[in-house]
Structures are given as C-alpha cells and as structure tokens.
Amino acid sequence: KHYMKTNDIIVLKAPKWESHRTEGEVIGPCKTRKDIGALCQKLGCNKRGVELGVAKGSFTFQVHKYFDQFWSIDSWCDERHDTKQYEQFKRKIVRKKITNINVVRSDFNTVVKTFDDHFFDFIYIDGYAKAHHQLRLNLNNWFIKLTPGGIFSGHDWQYPHVQEIINQLASDKKLNLNVTGERHYCSSVRINTEGPTWWFKT
C-alpha cells in the first residue's frame with residue numbers, strides 16, 4: 001500500500017504510475033507514429049491521408065505536411081470532444097494558414113459512404129480505437145477505402161483486446177504487422193491512452 005503519516009493520521013497516496021512505465025517494443029522502421037507520415041512521403045503513398053478521431057488535432061498537425069491533402073474526421077459530440085474543441089481546431093488551422101487539411105464533422109459509419117473505394121493512401125484510426133465493436137466496424141468499413149500499397153494504421157496498441165483484433169486482421173489479410181515504440185503506463189489497475197500505434201503497408 002502507498003501511504004504517508006501526517007500528525008498520526010494515515011493518508012493514502014496515489015501509486016506512482018511512473019514505476020509502471022513501459023518502453024514500447026518497436027516492430028518495423030517507425031519509432032513513433034509521426035514517423036509513419038514521413039514514411040508515406042518516402043514511399044510515395046502520400047497523395048491523400050485521413051485521421052479518424054481528431055480531438056484537438058495533435059496528430060493531424062504533426063503529419064498533414066507529408067500529404068498533398070489530409071482529411072480530419074471527428075463527430076466532436078461528447079463531453080471530452082465537443083463543439084468548442086471543434087471550433088478551436090478550425091481556428092488553429094486558419095491561424096497556421098494551413099491549406100491542405102479538410103475538416104469533416106461526422107460519425108465514421110456515415111461519412112465512410114461518401115468516399116470512393118481505394119481513395120486514401122494513408123488511414124489512421126484514433127477515435128474509438130480501443131472500443132471493441134466500433135474498432136471492428138472501422139476496420140471493416142475503412143479498409144476498402146485504402147489504395148493498394150497504402151498504409152492502414154491506428155492507435156492504442158497497448159490494450160490486449162486491440163492487439164487481439166489487429167493480429168486477427170493481419171492474419172486474415174496476410175499483412176505484416178508493424179508497431180511504433182511510444183512509452184506508456186501499464187499496470188493491473190490502469191493503462192493510459194498515450195501508447196503505441198499499429199500499422200500495415202498493404
């Protein structure tokens with residue numbers, strides 16, 4: 001137990017999650033998810049990219065520069081990711097004078113129908129990336145939207161059920177799995193949401 005004694009009163013202390021820090025094992029050439037964008041550019045599969053689940057846009061702002069056009073898709077409709085965050089994201093694009101980001105406010109299941117098959121060179125699944133049912137839906141709905149030779153990827157590899165689902169995809173599609181090596185916190189009590197990315201080159 002973690003506790004400290006103050007004036008004869010026992011006060012419980014939160015455990016130090018840093019003690020559970022895990023250095024991710026890198027599989028493939030990309031150490032971080034940002035490196036995947038640079039790899040797309042190097043391989044010439046950088047005409048059109050998309051991120052599903054944008055929030056405040058951290059990843060979009062890291063990788064859009066590697067693509068001719070980049071789509072940022074999110075519904076921004078819950079307590080954490082709302083209209084205020086959506087407006088802030090759009091204002092930041094204007095402030096930075098970015099011209100290749102296309103912002104789409106929609107749920108993934110609806111908007112996927114508006115894109116032709118094999119439209120994107122790069123697809124990154126971030127929103128609901130660790131939710132069993134929605135992750136499976138995203139994989140099924142969006143894989144066909146990837147051009148042959150493109151990169152299909154997503155966040156939250158640190159969750160065991162995500163690994164199970166993605167390993168099954170790799171087996172079904174005969175794809176070689178790659179994983180970035182971001183550090184993350186992991187214990188029997190808690191897994192944080194800042195973790196490695198899984199990805200395939202089709």
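Two strands pair if DSSP finds at least two bridges between them. In this predicted model, strand β5 (residues 69–74) is joined to β6 by five bridges, and the two run parallel.

- The model contains an open sheet of seven strands with mixed pairing, in the order β6-β5-β4-β7-β8-β11-β9.
- The edges are held by β6 (101–105) and β9 (178–179); each has a single partner strand, so one side of each is left without a neighbour in the sheet.
- Within the parallel pair of β5 and β6, Ile 73 has Val 104 of β6 as its bridge partner.

**Salt bridges**

A search of the whole structure finds three salt bridges.

*Arg 33 and Asp 126*

- Arg 33 forms a salt bridge with Asp 126, and their closest N and O atoms are 3.4 Å apart.
- This pair links distant parts of the chain, the two residues being 93 residues apart. Arg 33 is in the loop between β3 (21–22) and α1 (34–43), while Asp 126 is in the loop between β7 (120–125) and α5 (132–142).
- Buried means under 20% relative accessible area. Arg 33 counts as buried because its relative accessible area is 15%, and Asp 126 is likewise buried, at 17% relative accessibility.

*Lys 145 and Asp 117*

- The side chains of Lys 145 and Asp 117 meet in a salt bridge with an N to O distance of 2.9 Å.
- Lys 145 is buried at 8% relative accessibility, whereas Asp 117 is partly exposed, with a relative accessible area of 43%.

*Glu 87 and Lys 90*

- Glu 87 forms a salt bridge with Lys 90, the closest N and O atoms lying 3.9 Å apart.
- Both residues are in helix α3, and because they are three residues apart, about one helical turn separates them.
- Glu 87 is partly exposed, with a relative accessible area of 30%, and Lys 90 is partly exposed as well, with 29%.

**A positive surface patch**

- Lys 56, Lys 84, Arg 91, Lys 92, Arg 95 and Lys 96 form a positive surface patch.
- One of these residues, Arg 95, is found in helix α3 (residues 83–95).
- Exposed means over 50% relative accessible area; Arg 95 therefore counts as exposed, at 60% relative accessibility.

**Residues with positive phi**

Most residues other than glycine have a negative phi.

- Lys 97 is not a glycine, yet its phi is positive, at about 60°. Lys 97 is placed in the loop between α3 and β6, and at 72% relative accessibility it counts as exposed.
- Lys 174 also has a positive phi, of about 55°, although it is not a glycine. Lys 174 is found in the loop between α6 (160–173) and β9, and it counts as exposed at 73% relative accessibility.

Definitions and conventions
Residues numbered from 1 in each chain as written. Predicted model: local features only at pLDDT ≥ 70, side-chain atom pairs only at ≥ 80, totals over all residues. Heavy atoms only, no water. Patch = residues over 30% accessible without salt bridge, like charges linked within 9 Å, V, L, I, M, F, W, Y side chains within 5 Å. Areas by Shrake-Rupley, 256 points an atom, 1.4 Å probe, with all protein chains shown as cover. Salt bridge = Lys/Arg side-chain N within 4 Å of Asp/Glu carboxyl O. Lys, Arg positive; Asp, Glu negative; His and termini not counted. Charge placed at Lys NZ, Arg CZ, Asp CG, Glu CD. Helix = DSSP H or I, 4+ residues; strand = E, 2+ residues; numbered from the N terminus. Buried < 20%, exposed > 50% of the residue type's maximum accessible area, 1.4 Å probe, protein only.
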